[in-house]
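This report describes one protein model for a reader who has not seen it before. Please look over the sequence and the structure first.

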Amino acid sequence: MCGRFAAGRGPEELVDLFGIEKWEPTETLDQDWNVAPTKEVHVVLERPLKDAESRRPVRQLRALRWGLVPSWSKSPEGAARMINARAETLHEKPSFKRAFQSRRCILPADGYYEWVTGAAERDLEVEGKRKRARKQPYFVTPADGSVMALAGLYEFWRDPALPPEHPAAWWATCSVVTTEAETAPLGVAPAEGPGTLAEIHPRMPLMLTEDRWDAWLDPATTGLDELRALLAPPPEGLMRAFPVATAVSNVRNNGPELLAELAGPEVGTLF
């Protein structure tokens, strides 16, 4: 799954990386090293500009809320539960299938966090000596330091309680596509701890390699076979993972220090 990620790259860098044609400085977000559900995030998408004569899709950098609200929803209350969309069922789930056909996006990230329960902690929980096991956070990131382009979907939802001209009448929301985690060895594994992404969590966000960006973002890509081909996992061995401080577990903590690599896990022996 993807429940937290880091977005430490500024908009100017993202504009260059993704060949952005349209970006409104008013939508600039602060760098965020602890992005949690319902926060606003920078998203790359392609769609025609509003009120423009041409209907040509334009690549844009937008600020969207993380937690998808389908256009047909009666309320946005379920947004926090719609942060992830399983790649295997996108084409059939009512909440995602229309967006999968024509409203796909990329969420730029430095990497994502995932939590692992230590073996000793699991034993304490089973024995009833601890109500809730402590977990060790890991940061998963491209081994070469490049941007992690997370495949996503986006939607627009109209709040019926507000007049059309109200600035909050329309919600723009998104979700991260996830797939089965890799079982092959990590490109760079920690000295102590998990050797594969699957040992950290059975799911992972779908990372798009640069050669797939254009096809994924293009709203003209609508054929089911073509779309499902884009959901293939990236080549194995591109990721590294390392333990980080448990401070990241508190969403109030934020800053580049959260990405500092630890020499070993803080929460006991994991494997």
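## Strand β10 and its partners

Strand β7 (residues 104-109) and β10 run antiparallel and are joined by six bridges. Within this pairing, Arg-104 has Leu-153 of β10 as its bridge partner. β10 also pairs with strand β11 (residues 170-180), in the antiparallel sense, over seven bridges. There, Glu-155 stands opposite Thr-173 in β11. Strands are DSSP runs of E with at least two residues, helices are runs of H or I with at least four residues, and both are numbered from the N terminus. Two strands count as paired if DSSP finds at least two bridges between them.

Strand β10 spans residues 148-158 and is mostly covered, with nine of its eleven residues buried. Buried means under 20% relative accessible area, exposed means over 50%, and partly exposed lies in between (1.4 Å probe, protein chains only).

## Basis of the model

The model is predicted; local features need pLDDT of at least 70 and side-chain atom pairs count only at pLDDT 80 or more, while totals for chains, interfaces and linings use all residues. Residues are numbered from 1 along each chain as its sequence is written, and side-chain values use heavy atoms, with hydrogens and water left out.

## An open sheet of five strands

Five strands form an open sheet with antiparallel pairing, in the order β3-β1-β8-β9-β13. Its edge strands, β3 (32-35) and β13 (239-243), each pair on one side only. On average, neighbouring strands of this sheet are turned by 25° against each other, direction ignored. The axes behind such angles are lines fitted to C-alpha atoms (for helices over the stretch in contact), and angles run from 0 to 180 degrees between N-to-C directions.

Inside the sheet, strand β1 (residues 4-7) pairs with strand β8 (residues 111-117) in the antiparallel sense over three bridges. The bridge partner of Arg-4 in β8 is Tyr-113.

## Nonpolar cores

The largest nonpolar core has 30 residues, and Phe-5, Trp-66, Leu-107, Cys-174 and Leu-197 have the most contacts inside it. Another core, of 27 residues, lies apart from it and includes Leu-68, Phe-100, Ala-149 and Leu-227. A nonpolar core is a set of buried Ala, Val, Leu, Ile, Met, Phe, Trp, Tyr and Cys residues joined through side-chain atoms within 4.5 Å.

Beyond its neighbours within four places in sequence, Leu-107 is in contact (heavy atoms within 4.5 Å) with residues including Phe-5, Val-41, Met-148, Leu-150, Cys-174 and Val-176.

## Salt bridges

The whole structure holds eleven salt bridges. A salt bridge is a side-chain nitrogen of Lys or Arg within 4 Å of a carboxyl oxygen of Asp or Glu.

Arg-9, Glu-13 and Asp-110 are linked in a network of salt bridges. The closest N and O atoms are 2.9 Å apart between Glu-13 and Arg-9, and 3.3 Å apart between Asp-110 and Arg-9. The latter pair links distant parts of the chain, 101 residues apart: Asp-110 is in the loop between β7 and β8, and Arg-9 is in the loop between β1 and α1 (11-18). Asp-110 is buried at 14% relative accessible area, Arg-9 is buried at 18%, and Glu-13 is partly exposed at 37%.

Another salt bridge joins the side chains of Glu-46 and Arg-59 (2.7 Å, N to O). Glu-46 lies in strand β4 (residues 40-47) and Arg-59 in strand β5 (residues 58-66), so this pair ties together parts that are 13 residues apart in sequence. Both Glu-46 and Arg-59 are buried.
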